Amino acid sequence: METEYKTDVLIVGTGPAGGATGALLSSYGISNMMINRYRWLANTPRAHITNQRTMEVLRDLGQSVEEEAYLHATSQELMGNNVFCESLAGEELGRMRSWGTHPESMAEHLLSSPCRMNDLPQTFMEPILFKTACSRGSETRMSTEYLSHEQDADGVTTTCRDRLSGREIRIRSKYLVGADGGNSAVAEHLGLPFEGKMGVGGSMNILFRADLSHLVAHRPSVLYWVMQPGADVGGIGMGLVRMVRPWNEWLIVWGYDINEPAPDVTPEFAQGVARQLVGDPELEIELLSANVWTVNDMFATHMQKDRVFIMGDAAHRHPPSNGLGSNTSIQDGFNLAWKLAAVLKGQAGPGLLESYSEERAPVARQIVTRANKSIGEFGPIFEALGMDGGVDPEKIQRNISARADASDAAEAQRAALRKAIELKSYEFDCHGVEMNQRYASSAVVTDGQTEPAFARDPELHYQPTTWPGARLPHVWLFARDGRKLSTLDICGHGRFTLLTGIGGEDWAEAAGQIADELGLPLDVHVIGPRRDYEDHTGDWARAREIRDNGCVLVRPDHHVAWRSETLSGDAAQDLRRVLTSILNR
Ligand code: FDA
């Protein structure tokens, strides 16, 4: 017999995308239900690099959520010696300071965000998001498999299988979110357009415990790249020994030829690969799991069909290079959740929801392209070491040794290797890709202001701006009681916020009037001497790109909705125009 349940938003999947969306919707007071076909969350560490933008989402969910993430994470200081070696015990061939640990990059990180990059395996991230969601009101049904859905003018009816009883159940919701991963059935049933290809490379994960402190603790890192014959076949560009917990839990990623049958990763096979990459023929590992997976290169060019949305890996399918998988998935949730909340609360028309795909589909394209390009950018390292011409171990060894010679050729080889390693900043220190997302959509009003050009490489360097569509720049402000708060702290939390300065007080009055008119909570903060927040350092004055009496209107997801350089002739009229346009009223 069929059972019918009701909720406002049904979320298929409790991974990073689904968990974040549930946690955010519950924080905004929206009824939602998350389902997962399995009885529990991720059982392997999978994604781990957690970037500043994702930490800002967790911070927006609350101090305790952010702090719990840091508590379980390996901190940034231990992430940064990206080593290239023959094996962990063998010769080191080069190293790059990664993940914001180069002093120059660290300064950029510190200036960009109140949050710190860290390494938080998915087995820790998912429970944090899930607990936050459930404790704030999300309903959950585990062991519940999505089968199909049908939508009509008023809502969506989703059919699922309760895997404990075998019965089919129906869940009626106003909206459905497919956060069901890279093999998304929701995306398939919607027939959304995709570009790219699945299965462009073969890879295997070998998760194990072994104390390798003696080989790594002096050069702490998240990633140790191993160059051995076959290391450029399939996989993610090179053999990888990834730290899961310092320094006794590890994940090896090793490729295989996608045109051949996938190898059977038996315990003996796994131990053999581990011994080879660690470089210790006697190594004993405690094997935790082993599986094969494929490298994908595919993204949705549209992420919504009427009342149904896709997010996370359901929309962008790519290798773990650049560590963008779980980060982008959580950030998709941050983009969609406030829009769903605004529509469900009657503060916005359904047209607002179309901005989700307008804003996030370009991000999907960008990150899938970046991650796959990063695999190819290992090529120059292989070339510099003469490892691109086959797998003859003796020839490879001769080429590696040649770089230590006192000859012009060897000097050129050393220079080529340094340059090739430097190129890998586009994978391991790619701050711009993480932070520079600027949206162009119906949920942003630029009033014809032109986008500021990037002064430096936009993939490598974040460039703050209050240009509408960009994320609000972070600077530290000081409350009257001395507390230090980020500009991001005084915005967000599911609400629109207007920031102004001395002489801009009329914005506050206008905002109050428009908030009443539209039934929309709208916070206003005046920044300046003896006002709500002080800009003692002058950092806000330098970042805001408006005059003291201008304003910056910030969306609940920290992106700038609109700005005015000075106090306008009719502040209320301007705010009404902008907000009714954004909110599709
Ligand atoms: P995710 O796949 O995490 O979650 C999907 C959810 O939907 C799960 O809860 C699943 O049970 C549920 N679900 C699926 N179908 C369902 C159905 N029909 N009914 C009900 N529930 C359903 N990334 C990275 O950055 N570094 C890495 O090293 C790795 N390694 C890695 C290894 C392996 C084996 C995988 C599978 C993935 C990775 N990734 C990764 C990718 C990373 O894990 C990924 O980007 C995020 O988990 C994406 O989060 P989502 O929430 O979108 O999907």
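Which residues of helix 18 are buried? The legends below start there.

**View 1. Helix 18 and its buried residues.** This is a predicted model, where local features need pLDDT of at least 70, side-chain atom pairs count only at pLDDT 80 or more, and totals for chains, interfaces and linings use all residues. Numbering runs from 1 along each chain as its sequence is written. The buried residues of helix 18 are Ala571, Asp574, Leu575, Val578, Leu579 and Ile582. Buried means 20 or more other C-beta atoms within 10 Å of a residue's own, exposed means 12 or fewer, and partly exposed is in between, with C-beta atoms placed from the backbone. Looking down the axis of helix 18, the buried residues fall within an arc of 115°, so they line one face of the helix; the arc is that of the directions from the helix axis to the C-beta atoms.

View 2. Helices (H or I, at least four residues) and strands (E, at least two) are DSSP runs, numbered from the N terminus. Helix 18 itself covers residues 571–582 and reaches 16 Å from its first C-alpha to its last, close to the 16 Å expected; that expected span is 1.5 Å times one less than the number of residues.

**View 3. The shell around the ligand.** Count 32 residues around the ligand, the closest being Gly13, Gly15, Gly181, Gly312 and Gly325; a residue is near if its C-beta atom, placed from the backbone, lies within 6 Å. By type, the shell has 12 nonpolar, 15 polar and five charged residues. Here Ala, Val, Leu, Ile, Met, Phe, Trp, Tyr, Cys and Pro count as nonpolar, Asp, Glu, Lys and Arg as charged, and the others, Gly among them, as polar.

**View 4. Asp154 in its loop.** Asp154 sits in the loop between strand 9 and strand 10 (156–162). Asp154 is exposed, with 8 other C-beta atoms within 10 Å. Gln463 is 309 residues from Asp154 in sequence and 42 Å away in space, C-alpha to C-alpha.
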